[in-house]
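Me: I have a structure here that I would like to go through with you. Could we take it one point at a time?
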Amino acid sequence: MAALRPLEKPKIVKKRTKKLSGTSQTDKLKKRQENKAHAAQWLLKFPVHSVKELEVLLMYNKSYCAEIAYKVSSKNRKATVERAAELAVSHQSQCQAAQ
C-alpha cells in the first residue's frame, strides 16, 4: 500500500525574521576610535562649591570632572574655572565641549 501524503504542504515557520547585522572587526575598531575621541563624556562629575575643593581632584583628574555647583556666584565661578585651569583639572564646560 502506498504512503498517504497530505494535500497541502505544511507552513514553514522561520525562527529569525531580522537580517543579520554586517558588523565586522573593522567596524568595531572604528567605533572604538570614535569612543576614544569622546572619552571626556565618561568622566564622572564631582560637585565643587569652592576653590578649595578643586584640590581634591588633583589625584583623580583622569576619572573625575569638576562640576561647579548651581548656587555658586558668577564671581566665584570665574575664580574656580581659573584655578581649575592652573591645576590642569577638567571642569564641566570642558566635558561638555568634548561631547
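Me: Which residues does Leu57 touch, not counting residues up to four places away in sequence?
Reply: This is a predicted model. In it, Leu57 touches Phe46, Val48, Tyr64, Cys65, Ala66 and Val89.

Me: Which residues make up the largest nonpolar core?
Reply: That core has 7 residues, namely Val48, Leu54, Leu57, Ala66, Ala84, Leu87 and Val89. Across the protein chain, buried residues make up 16% of the 99 residues.

Me: Changing topic, how many salt bridges are there in the whole structure?
Reply: A search finds 2. Glu55 and Arg83 meet through their side chains at 4.0 Å, N to O. Glu55 lies in the loop between strand E1 (44–48) and strand E2 (64–68) and Arg83 in helix H2, so this pair ties together parts that are 28 residues apart in sequence.

Me: And what is the other partner of Arg83?
Reply: Arg83 also forms a salt bridge with Glu86, with the closest N and O atoms 3.0 Å apart. Both residues lie in helix H2, about one turn of the helix apart.

Me: Is Glu86 buried or exposed?
Reply: Glu86 counts as exposed, at 59% relative accessibility. Arg83 is partly exposed at 27%, and Glu55 is partly exposed at 46%.

Me: Where is confidence lowest, and where is it highest?
Reply: Confidence is lowest in helix H3 (residues 92–98), with a mean of 55, and highest in helix H2 (residues 74–87), at 91. Where pLDDT is low, the predicted coordinates should not be read in detail.

Notes:
Residues numbered from 1 in each chain as written. Predicted model: local features only at pLDDT ≥ 70, side-chain atom pairs only at ≥ 80, totals over all residues. Heavy atoms only, no water. Buried < 20%, exposed > 50% of the residue type's maximum accessible area, 1.4 Å probe, protein only. Core = buried A, V, L, I, M, F, W, Y, C linked by side-chain atoms within 4.5 Å. Contact = heavy atoms within 4.5 Å. pLDDT = per-residue confidence, 0-100. Helix = DSSP H or I, 4+ residues; strand = E, 2+ residues; numbered from the N terminus.
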